[in-house]
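This briefing covers selected features of one model, grouped by topic. The sequence and structure come first.

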Amino acid sequence: MSNDWIEMTRSLSGGLKEMRGGAPDVMKAFSMIAQAATKAGALDTKTKELIALAIGVAVRCDDCIAFHAKAASDRGASSEEILETLGMAIYMGAGPSVMYAAHALEAYNQFAEKKTEVAAG
């Protein structure tokens, strides 16, 4: 099965916007947690997105995979870094993580390809 991961992030944006309007305090607090957690410190933002991608695979969250594959691509993650990250997710999550790692690789490849197309003009 092939997913359109780029479209998935677009279509989820509407639901997230509705959540921000319907539960503004919760969503604002979640946004603050996300900003604090992803802020560069001992780990850079790319590394943190790779960790988030691995967790998305391990907990079997397609939506998380879509957003964090995009963020990892946007922060310059290489295919090799993605594959090593997915190897760790598989190690920690066993068989089901193998299946979701394939989803994450497909998502990353779509975002990386789009980024290359945009850069080429």
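Setting aside neighbours within four places in sequence, Thr9 is in contact with Ala66, Phe67 and Phe111. Thr9 belongs to helix α1 and is buried, with a relative accessible area of 8%. The model is predicted. The points below go from the core to the disulfide, the backbone and the surface.

**Core**

- The largest nonpolar core has 21 residues. Trp5, Leu53, Val57, Ile65, Ile82 and Leu86 have the most contacts inside it.
- At least two residues of this core come from each of α1 (5-22), α3, α4 (62-74) and α5 (79-120).
- Of these, α5 gives the most to the core, with 9 residues.
- As background, nonpolar side chains tend to be buried together in soluble globular proteins.
- Which residues does Trp5 touch, not counting those up to four places away in sequence? They are Asp62, Ile65, Ala66, His103, Glu106, Ala107, Gln110 and Phe111.
- Ala66 and Phe111 are in contact with Thr9 and are also touched by Trp5.
- Thr9 counts as buried because its relative accessible area of 8% falls under the 20% cut-off.

**Disulfide**

- A search of the whole structure finds 1 disulfide. Cys61 and Cys64 are the residues joined, with an S to S distance of 2.3 Å.
- In general terms, such a link is a covalent bond between the sulfur atoms of two cysteines.
- What is the hand of the disulfide between Cys61 and Cys64? The torsion about the S-S bond is about 70 degrees, so the disulfide is right-handed.
- Both cysteines are partly exposed: Cys61 has a relative accessible area of 21%, and Cys64 has a relative accessibility of 28%.

- Arg60 is not a glycine, yet has a positive phi of about 60 degrees.
- Arg60 is placed in the loop between α3 and α4. With a relative accessible area of 38%, Arg60 is partly exposed.
- Ala94, also a residue other than glycine, has a positive phi near 60 degrees.
- Is Ala94 placed in a helix or in a loop? Ala94 is in helix α5, whereas Arg60 is in a loop.
- Ala94 is partly exposed, with a relative accessible area of 46%.

**Surface**

- Leu43, Ile51, Ile55 and Val59 make a nonpolar surface patch of about 350 Å².
- Ile51, one of the patch residues, lies in helix α3, which spans residues 45-58.
- The relative accessible area of Ile51 is 41%, so Ile51 is partly exposed. That value is over the 30% required of patch residues.
- Ile33 is found in helix α2, residues 24-38. Is Ile33 buried or exposed? Ile33 is exposed, with a relative accessible area of 55%.
- From C-alpha to C-alpha, Ile33 and Ala101 are 26 Å apart in space, and they are 68 residues apart in sequence.

Terms used:
Residues are numbered from 1 along each chain as its sequence is written. This is a predicted model: local features need pLDDT of at least 70, side-chain atom pairs count only at pLDDT 80 or more; totals for chains, interfaces and linings use all residues. Side-chain values use heavy atoms; hydrogens and water are left out. Patches are made of residues with over 30% relative accessible area and no salt bridge: like charges are joined within 9 Å, nonpolar side chains (Val, Leu, Ile, Met, Phe, Trp, Tyr) within 5 Å. Accessible areas come from the Shrake-Rupley method with a 1.4 Å probe; for residues, only the protein chains shown count as cover. A salt bridge is a side-chain nitrogen of Lys or Arg within 4 Å of a carboxyl oxygen of Asp or Glu. Helices (H or I, at least four residues) and strands (E, at least two) are DSSP runs, numbered from the N terminus. Buried means under 20% relative accessible area, exposed over 50%, partly exposed in between (1.4 Å probe, protein chains only). A nonpolar core is a set of buried Ala, Val, Leu, Ile, Met, Phe, Trp, Tyr and Cys residues joined through side-chain atoms within 4.5 Å. Contact means heavy atoms within 4.5 Å. A disulfide is a pair of cysteine sulfur atoms within 2.5 Å.
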